[in-house]
Amino acid sequence: MKEPTVVLGIETSCDETSAAVLVGDELKSNIISSQIEIHRRFGGVVPEIASRNHLTAILPVIDEALTAAGVTRGDIDAVAVTYGAGLVGALLVGVSAAKALSYALGVPLYAVNHIEAHIAANYISCPALKPPFLAVVASGGHTGIVRVDGLNEFTLVSTTVDDAIGEAFDKVARALGLPYPGGPIIDKLARSGNASIEFISHKKRGGELSYSGLKTAVVNYLHTQAQRGAAVNVEDVCASFQKTAVDMLIDAAFAEVRRTGIKTLVAAGGVSANSYLREKLRAESERYGCTATYPPLSLCTDNAAMVARRGADMLKGGVAPAGLDLNAVSYLKIKGEAK
Ligand code: KG4
Ligand code: ZN
């Protein structure tokens, strides 16, 4: 294969249709067509509507990514696509487009795990990053700590027993009457609140990472206040929930730092856009003498740049390309995952 290689990345796992072009290590384009406005009125992503919108957006988004990168279809050396985890109908749109392009162009197809792609986003923003490192994974569907020992070696070492952290942000926002997605608005309101309310989480009672318990604690608090006719300070609820949710995950990360001696950390996934998470990760890293990095906001939430990057690493590492029988998978394990 010629150098530098041109990798087209495609991402359609949830409500963002995205295509990106990576030439060698250089990100040339990253086009994201978001459906957030369409789903907002339903308070969350409606899978069937997401699939239909991906269908209309996918080809124009791919064309725009190629044009913005200054390349043509004939220049593409490999196609990388998210095949899981995510909404099956949504994933299938990207997978079908990727398979068609791979077949028509006679180039290899790389089946990308969405969470590994979120982690790989850090290689784009921090070219000096090298394994081993620990990834703090915080997205709408996944939460935990992943140990990365090589370009293609990911092992889950700690995970939530129930809801994902992003799901908890979205559910708490909904309980507070705030719009979808909940993460960015809770982040914003929390800045003018005090983290003075103690929400007892499952984790604090000695269990594993759990976000369902924390969400229930917030909902119970809101009910109790309503029954008492007491006012609710929304900013304080946001700050208190956010602190508990993030501290739980950062504690798990530094428990792993102590256990493994690994001193490099990255953040990955949509919730890694959270300002308190970034600040807490930075401060704790300083305290432990660790180096922490996180992607710029545009590479935290779903995007195809991270998918192209992950595909390029699979190619570089000699991972076998996928066949044209590649299918979408709603739940995808990372090595070490019990479920
Ligand atoms: O990674 P992502 O874009 O999609 C999944 O792979 O799930 O993550 C989406 C999640 C949503 O739950 C959203 O509320 C959350 O990321 N999110 C945030 C912030 N920005 C997005 N959560 C907390 N603070 C933010 N600033
Ligand atoms: Zn994601």
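1. Let us start with a term: a helix crossing is called left-handed if the near helix is turned anticlockwise from the far one by less than a right angle, and right-handed if clockwise. By that rule, helices α7 and α8 cross in a right-handed way. Helices here are DSSP runs of H or I with at least four residues, strands are runs of E with at least two, and both are numbered from the N terminus.

2. A word on the basis of this note: the model is predicted, so local features need pLDDT of at least 70 and side-chain atom pairs count only at pLDDT 80 or more, while totals for chains, interfaces and linings use all residues. Residues are numbered from 1 along each chain as its sequence is written, chains are lettered from A and ligands numbered from 1 in written order, and side-chain values use heavy atoms, without hydrogens and water.

3. Back to the pair α7 (residues 212-228) and α8 (residues 234-260): they pack at an angle of about 165°, and their axes are 11 Å apart. Therefore α7 is roughly antiparallel to α8. Axes are lines fitted to C-alpha atoms, for helices over the stretch in contact, and angles run from 0 to 180 degrees between N-to-C directions. Angles under 35 degrees count as roughly parallel, over 145 as roughly antiparallel, 65 to 115 as roughly perpendicular and the rest as oblique.

4. Which residues of α7 meet α8? On the α7 side they are Leu 214, Val 218, Tyr 221 and Leu 222, and they meet Val 237, Phe 241, Thr 244, Ala 245 and Met 248 of α8 (contact: heavy atoms within 4.5 Å). Eight of these residues are nonpolar, one is polar and none is charged. The nonpolar class is Ala, Val, Leu, Ile, Met, Phe, Trp, Tyr, Cys and Pro; Asp, Glu, Lys and Arg are charged, and the others, Gly among them, polar.

5. Helix α8 also packs with α5, their axes coming within 11 Å and crossing at roughly 175°. These two helices are therefore roughly antiparallel as well. From α5 come Ile 165, Ala 168, Phe 169 and Val 172; from α8 come Phe 241, Gln 242, Ala 245, Val 246 and Leu 249. This contact has eight nonpolar residues, one polar and no charged.

6. With α6, helix α5 crosses at roughly 70°, the axes coming within 8 Å. The two are therefore roughly perpendicular. Phe 169, Asp 170, Val 172 and Ala 173 of α5 meet Gly 182, Gly 183 and Ile 186 of α6.

7. Do look at ligand 1: 20 residues surround it (a heavy atom within 4 Å), the closest being His 118, Gly 140, Asp 170, Asp 187 and Gly 270. A nitrogen atom of ligand 1 is 3.0 Å from an N or O atom in the side chain of Asn 274. A backbone N or O atom of Gly 166 lies 3.1 Å from an oxygen atom of ligand 1.

8. Finally, most peptide bonds are trans. The bond from Tyr 180 to Pro 181 is cis, with omega near -10°; Pro 181 lies in the loop between α5 (165-175) and α6 (182-190).

Methods. A polar contact is a pair of N or O atoms within 3.5 Å; within protein, one must be able to donate a hydrogen and the other to accept it, and residues adjacent in sequence count only if both atoms are side-chain atoms.
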